[in-house]
Amino acid sequence: MQGIKNIIFDLGGVILNINYQLTRTAFEALGVNDFNSLYSQFHGSDLFNSLETGHVTTEEFLAKMHQHVPATVTDQQIVAAWNAMLLDFPLQRLQLLQQLRQHYNLYLLSNTNAIHLEAFNRILQETRGIPSLGGFFDRAYYSHVMGYRKPDKECYQVVLDENGLVAEETLFIDDTLPNIEGAKAVGLQTIHLQSPKTIMDIFRPKSAV
């Protein structure tokens with residue numbers, strides 16, 4: 001951490017526990033038999049990218065999903081299945097963020113969408129009594145609000161430019177390799193967080209005081 005003044009955190013798989021399998025199971029329970037191929041298709045498609053960059057509305061996303069589920073399935077059921085992957089915010093990680101913020105400028109940079117943003121803030125409120133992740137960071141950046149998503153160069157550059165950060169003094173932590181490579185391309189210091197390791201393994205207590 002020598003020379004590091006700023007830390008940019010990814011959200012899912014880094015601060016928030018997630019399990020994509022639960023969303024697959026939930027959609028299969030709704031009658032989607034080919035969810036793996038569907039999700040892979042969406043993940044690489046304009047629909048998914050547009051959802052995460054705010055160019056597709058929640059209503060448009062739901063309309064597209066209705067083409068792949070039985071007619072009796074409701075919007076609420078689709079939303080619940082889509083959110084099933086979002087699990088919990090371990091208390092130790094939130095406490096670590098509070099400690100780190102005393103010594104570093106902290107930022108959040110997440111590829112997400114409007115449906116998930118509402119859902120994970122609700123999880124935070126219901127489980128920890130905290131209304132928003134924003135209180136843990138100097139600024140929180142969400143792809144669907146920014147109009148850019150990782151690993152696009154512009155996504156990282158916006159965070160650097162808007163906050164006057166020097167890339168070489170800024171550490172980026174993410175669990176997805178392409179996002180790490182994108183960060184390296186703009187000069188950020190990086191840590192590729194790979195399961196089963198967590199941010200608690202990176203920052204020992206002595207590093208946060």
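With which side chain does the side chain of Asn-179 make a polar contact? The partner is the side chain of Asp-174, at 3.3 Å. A polar contact is a pair of N or O atoms within 3.5 Å; within protein, one must be able to donate a hydrogen and the other to accept it, and residues adjacent in sequence count only if both atoms are side-chain atoms.

## Basis of the model

This is a predicted model, in which local features need pLDDT of at least 70 and side-chain atom pairs pLDDT 80 or more, while totals for chains, interfaces and linings use all residues. Residues are numbered from 1 along each chain as its sequence is written, and side-chain values use heavy atoms, with hydrogens and water left out.

## Asn-179

Asn-179 lies in helix α10 (residues 177–185); helices are DSSP runs of H or I with at least four residues, strands are runs of E with at least two, and both are numbered from the N terminus. Asn-179 is buried, at 7% relative accessible area (buried is under 20%, exposed over 50%, partly exposed in between, with a 1.4 Å probe and protein chains only).

Leaving aside neighbours within four places in sequence, Asn-179 is in contact (heavy atoms within 4.5 Å) with Asn-111, Lys-150, Pro-151, Tyr-156, Phe-172 and Asp-174.

## Helices α1 and α5

Helix α1 (residues 20–29) packs on helix α5 (residues 75–83) at an angle of about 155°, the axes being 7 Å apart. The two are therefore roughly antiparallel. Axes are lines fitted to C-alpha atoms, for helices over the stretch in contact, and angles run from 0 to 180 degrees between N-to-C directions. Under 35 degrees counts as roughly parallel, over 145 as roughly antiparallel, 65 to 115 as roughly perpendicular and the rest as oblique.

On α1 the contact is made by Thr-23, Ala-26 and Phe-27, and on α5 by Ile-78, Ala-81, Trp-82 and Asn-83. Thr-23 is buried, with 0% relative accessibility, and its side chain reaches the backbone nitrogen of Met-85 at 3.0 Å.

## Helix α7

Helix α7 (residues 114–128) has a buried set made up of Ile-115, His-116, Leu-117, Ala-119, Phe-120, Asn-121, Ile-123 and Leu-124. These buried residues pack against α4 (58–66), α5, α6 (91–100), β3 (139–142) and α8 (143–146).

At the start of α7, a side-chain oxygen of Asn-113 comes to within 3.2 Å of the backbone nitrogen of Ile-115. After α7 comes Gly-129, with a positive phi near 70°.
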